[in-house]
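I opened the model today to look up a few contacts and the packing around them. My entries follow in the order in which I checked things.

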Amino acid sequence: MTLLLRINSSSRRTGSHSAAVADHFEACFRKKHADCDVITRYVADSSIPIISQKTIEGFYTPPEAMSDDLVEATALSDQLISELQRADTLLITAPIYNFSIPAALKTWIDQIVRMGHTFAYENGSFQGLVQTRRAVVVVAYGAEGYLEGQPFAAANFVEPYLKFLLSFLGISDIRFISVQGTTADPETVRANVEAAKEACGLAA
């Protein structure tokens with residue numbers, strides 16, 4: 001069965017442009033993969049806490065030395081990594097917040113970037129261990145001009161960061177679908193969202 005893992009990081013549960021575009025991608029994906037399963041995580045609901053010292057200790061403790069409290073502290077990480085490793089496609093919604101990703105998305109990232117599970121360091125180099133075939137990232141920008149070659153591109157720390165991170169973990173097929181000008185007039189917003197939805201149909 002094909003699995004789509006969807007990570008929604010917008011703080012908006014209604015009226016989110018990134019979520020609306022991702023909804024369309026999911027619908028196209030379901031149409032193409034009739035037998036697919038979808039796991040959706042709304043990471044902005046505080047269900048994934050900021051990583052703790054105990055969790056970090058567990059990350060670097062050999063399996064045979066894990067105490068019960070370390071097992072408990074790393075249980076959520078184990079679950080999130082299992083979801084990611086089973087997924088054929090990773091779908092992330094990432095509205096730009098103050099030029100970078102939402103803090104809620106970073107909490108998920110800190111739980112799944114883990115030595116020996118999603119990456120390895122051997123013979124002086126890093127190797128990604130994630131089996132997910134591809135990632136699709138829907139990015140929403142309140143203003144225009146954030147994309148490569150545009151006037152405000154230097155302020156876009158969302159796409160370069162996520163592209164590097166996902167590649168570091170071993171995902172080679174990474175696609176970005178952008179919605180700019182989400183604070184513009186309604187007609188412009190509708191046109192920009194529809195253009196992004198069209199791109200979803202091609203990417204699914």
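Entry 1. I began with the side chain of Ser9 and found that one of its polar atoms lies 2.5 Å from the backbone oxygen of Thr93; I note here that the model is predicted. Ser9 sits in the loop between β1 and α1, and I count Ser9 as buried because its relative accessibility is 0%, where the cut-off for buried is under 20%. When I left aside neighbours within four places in sequence, I listed Val43, Ala44, Thr93, Ala94, Pro95, Pro102, Ala104 and Leu105 as the contacts of Ser9.

Entry 2. I then went back to strand β1, residues 3-8, and found that six of its six residues are buried. Which residues point which way from β1? Leu3, Leu5 and Ile7 point one way, whereas Leu4, Arg6 and Asn8 point the other way. I set this beside the general rule that side chains in a regular strand alternate between the two faces of the sheet.

Entry 3. Next I looked up the partners of β1. Strand β2, residues 37-42, runs parallel to β1 and is joined to it by six bridges, with Leu5 standing opposite Ile39. Strand β3, residues 89-93, also pairs with β1 in the parallel sense, over five bridges, and here Asn8 stands opposite Thr93. I recorded β1, helix α1 (residues 17-32) and β2 as a right-handed β-α-β unit.

Entry 4. In helix α1 I picked out Ala19. Is Ala19 buried or exposed? Its relative accessibility is 15%, so Ala19 counts as buried. Not counting residues up to four places away in sequence, Ala19 touches Arg6 and Thr93. I also checked Ala19 against Leu202, and the two are 183 residues apart in sequence and 18 Å apart in space, C-alpha to C-alpha.

Entry 5. Last, I turned to the nonpolar packing. The largest nonpolar core has 33 residues, of which Leu5, Ile7, Leu90, Ile92, Leu105, Trp108 and Leu162 touch the most other members. The elements that give two or more residues to this core are β1, α4 (75-86), β3, α5 (103-112), β6 (134-140) and α6 (158-168), and α5 gives the most, with five residues. For Ile92, leaving aside neighbours within four places in sequence, I noted contacts with Ile7, Leu105, Trp108, Val136, Val137 and Val138. A second, separate core of 19 residues includes Leu4, Ala22, Leu91 and Cys200.

Conventions: Residues numbered from 1 in each chain as written. Predicted model: local features only at pLDDT ≥ 70, side-chain atom pairs only at ≥ 80, totals over all residues. Heavy atoms only, no water. Buried < 20%, exposed > 50% of the residue type's maximum accessible area, 1.4 Å probe, protein only. Helix = DSSP H or I, 4+ residues; strand = E, 2+ residues; numbered from the N terminus. Pairing = 2+ DSSP bridges. Right-handed = clockwise from strand over helix to strand, strands pointing away. Contact = heavy atoms within 4.5 Å. Polar contact = N/O pair within 3.5 Å; in protein donor to acceptor, adjacent residues only side chain to side chain. Core = buried A, V, L, I, M, F, W, Y, C linked by side-chain atoms within 4.5 Å.
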